Amino acid sequence: MSAASTRSVLEPSPWGQRFAALLVILYALITMIPLVWIGLTGLKTPPDAIAYPPKVVFDPSLEGYVNLFTARSRQTPEYMASLPPPTSWYDELVRKRNMVITGPSRFAERYMNSIIIGFGSTFLAVFLGTIAAYGFSRFKVPLKDDLLFFILSTRMMPPIAVAVPIFLMYRALGLSDTHLGMIILYTMVNVSLAVWLLKGFIDEIPMEYEEAALVDGYSRMQAFWKVVLPQAKTGIAATAIFCLIFAWNEYAFALLLTSGNAQTAPPFIPIIIGEGGLDWPAVAAGTTLFLLPIVFFTVLLRQHLLRGITFGAVRK
Amino acid sequence: MAVARPGKPVQRAHGLSDRAVAWIFISPTILLLLAINIFPLLWTIYLSFTNYRANQPGRLVQWVGLDNYRNLLGSEDVWGYLQATAHFVGWSIFFQVLLGLGLALLINQKFKGHATLTTLILLPMMLSPAVVGVFWAYIYQPQAGIFNYLVNFFIDAGSFTMIGDVNLAPWSIVLVDTWMWTPYVMLICLAGLRSIPDYIYEAAEVDRASKWRQFWSITLPMVLPFLMLAVLFRAIENFKMFDMVVELTSGGPGSVTELASINLKREAFEKWRTGYSSAFAVILFVTVFGAGNIYVKFLNKVKQR
C-alpha cells in the first residue's frame, strides 16, 4: 500500500509501476489457485484426488467426467470376467474399477434445467425490465422515486424470509418443482436489477431521436420499438447476461422449492456421491462445466461489470 | 397529463396516450413484485403471529400474538446466531475493504496489462456461491486439501482442520468470502479513483503536498462515498449469507458458523416451526431494511460534503 499511495498525476515512476504490477500479479496468482486446483481435480482419478500430499503432477484421466455423467454399480470379479469386451473407452475406464455403467446420471438433466430456467427467466425479466425502465425513464409517473425504491428494496429481502409463503403458494397452485414456477420466481428476483440497470442505459439515449420520430407520425409504441430498442441493444444484452448469471448461480430457492423435476445444477453438484463419500473428481468436473460459461460471460461483460454489480449506481 | 417533457406536448394522430403507455409498461413489473414478493412478505408477517406448521396443513392454526417474537429475543441461541453473523459480516467486510482498496490503488498505477489482470482478478465474484462453498470444502480438507498443504509449506502448522475446528471455522468462511468478494470492493474503489480529476493532484503538487498527505486529504475522501457504497452492498448480501456457508460448513462445527439465514432455513424447512421462523424472518428483514436506510442517509451526507 505504501507504493500505492504515491499516486500522482505525474506519470507514476517506472519502479512504482513495476512494484504495483508485481503485487497485483501475486494477488492474481494466489486468487487463481483454488480455481486451477478444481480444474485439475476434475482430471484426476478418485485415488489421486484424495492423495496425501496433494498431487500436482498426475496422470490425467477422464474418470471424473465419466463418473459425472453416468450411474454405475459395483460387480463381482466373476461377473466382470463374464462380460463381453468393452465397447467404448468410457466402458473400459469404468470396468477398471470393477464397475459397470447402468445408465446416465442426472447431471445432464440438471444442467439442462439450469439452462431452461436461466434463459426463460432472463428473457422475462429483461422484457419486463425494458418496458418498465422505458416507462420510468420517459414519462412522469406519480411517486416515481418511491416506486423505483420499492423495486430495489425487494432485492434486500433474504430469500428464506419469503420462502415459506412461496412454498405454500406454489404448493396450492401446483407450481412446486416445475420449470414455470422457478422461471417466475427468478424473474421476480431479477426484475429489480433489470429495471435499475436498463433505466440507466435508456436515460443515456437522447430523447431527441424519439421526439423526431413522434413528430414524423410514429406512435409512442412505434417510437419505442423502432427507435429506442435498437439504441438500447448493448444495455439490454449486458442486463440479460447479468440476469442469466444470477439465475444460473441461484441456490437457496432451488434448494428449497425443487427436488426431482426442476432442480438446477447448484443444489445437485454437492450431492454427487461416489463410494465412501463425495466423488471429488466428479464434483470437480461438474463444477468446472458449471463455472466455464460464467468465465466466458465475465470476459464478455467486463466493460459493464461495474454497473451491473452496483445496480447502475456507479457508471464509471 | 404525462408527457415526454413538460411544456413540450407532442401532438399525435393515433396510438395510446402517454399515460396509458406508461402504466402498461410499468404495471406488469409492479404486479409481479406485489404477487411474488410483497404478498409472501405480508403472509410471513401474518404467520409470525401464529403457531402454524407448514408440514401439517390440517392442523388448527392459532393466533399466538407476540409469543414467537418473545421466544426468539429471549433465546440465547438466537443471539449466538446473530453474533456469528456479525462476526462474519464485520470481518469479511474489514478484509475486503483493506485488500480491495489496496488492490485498486495498485491497479490505478496503470502498469502494462492491468486491464487483463483486472478481469482475471474479478472472476471469483461472478461464480455461484454454493458451488464455491463446495469446492472450498475440498480445498480445506485436512489431508488431501491444498490449503493445509500450502500453509504447512510456509509455516509448520502441523495437522489442522479449517472447517472442523471450533476456533478456525468462523475464519474459514471469512477467508472464502474475502477471496470471493475482494474484487467487488476493488472494482468500485477503482471507479472512485478514476473519478478524481487530475487537476486536484496537480494543485497539490504545486502546493508541495507530500504523497502521503495527498492520499489522506484527496484520494481517501474522494473514494470514500464509493467505498461506502461497496460496504453497503456487501453488508446486505453478507447479512443474508446462506448458500456458500451452507455448502462449506453447514453451520458447524456445533453452531459456530450457523448464520442467521442458515438457522432460519433449519427452523423453517427442517423443524417446520413456520410461525417461529417467520418471526425470525421478519426480525432479519426489518434489521436489514432499517440499517440499510439509516446507512444510505449517512452515505448521502458524506457524498454532499
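What follows is a chat about the chains, their contact and a few single residues.

Me: What kind of model is it, and how are things numbered?
Reply: It is a predicted model, where local features need pLDDT of at least 70, side-chain atom pairs count only at pLDDT 80 or more, and totals for chains, interfaces and linings use all residues. Residues are numbered from 1 along each chain as its sequence is written, while chains are lettered from A and ligands numbered from 1 in the order in which they are written.

Me: What is pLDDT, and what is its mean in chain A?
Reply: pLDDT is the predictor's confidence in each residue, from 0 to 100. The mean for chain A is 88. In that chain, 95% of the residues reach 70 or more.

Me: Where in chain A is confidence lowest, and where is it highest?
Reply: It is lowest in strand β3 (residues 273-274), with a mean of 70. It is highest in helix α6 (residues 107-138), at 95. Helices (H or I, at least four residues) and strands (E, at least two) are DSSP runs, numbered from the N terminus.

Me: Which residues of chain A stay under 50?
Reply: Residues 1-9 of chain A do. The model has 26 contacts for them beyond four places in sequence. Two residues are in contact if their C-beta atoms, placed from the backbone, lie within 7 Å.

Me: Is chain B compact or spread out?
Reply: Chain B is more spread out than a compact globule, because its radius of gyration is 25 Å, well over the 19 Å that the globule rule gives for 305 residues. The radius is taken over C-alpha atoms, and the rule is 2.2 Å times the number of residues to the power 0.38. The C-alpha trace of chain B spans about 80 × 75 × 35 Å along its principal axes.

Me: What about chain A?
Reply: Chain A has a radius of gyration of 26 Å, whereas a compact globule of 316 residues would be near 20 Å. Its C-alpha trace spans about 85 × 65 × 40 Å along the principal axes.

Me: Which residues bring α1(A) and α4(B) into contact?
Reply: First, the two helices: α1 (residues 14-41) of chain A and α4 (residues 114-126) of chain B pack at an angle of about 40°, with axes 9 Å apart. Axes are lines fitted to C-alpha atoms, for helices over the stretch in contact, and angles run from 0 to 180 degrees between N-to-C directions. Residues making the contact include Val24(A), Tyr27(A) and Leu35(A) from α1(A), and Leu117(B), Ile121(B) and Pro124(B) from α4(B). The residues of this contact divide into 10 nonpolar, 1 polar and no charged.

Me: New topic. Where are the cis peptide bonds?
Reply: One joins Tyr52(A) and Pro53(A), with omega about -5°. Pro53(A) lies in the loop between α2 (46-49) and α3 (63-69) of chain A. Another joins Gly252(B) and Pro253(B), also with omega about -5°. Pro253(B) is in the loop between α10 (243-248) and α11 (260-269) of chain B.

Me: Is Leu143(A) buried or exposed?
Reply: Leu143(A) counts as exposed, because it has 9 C-beta neighbours inside 10 Å. Its phi is near 55°, a positive value in a residue other than glycine.

Key:
Ala, Val, Leu, Ile, Met, Phe, Trp, Tyr, Cys and Pro count as nonpolar, Asp, Glu, Lys and Arg as charged, and the others, Gly among them, as polar. A residue is buried if 20 or more other C-beta atoms lie within 10 Å of its own, exposed if 12 or fewer, and partly exposed in between; C-beta atoms are placed from the backbone.
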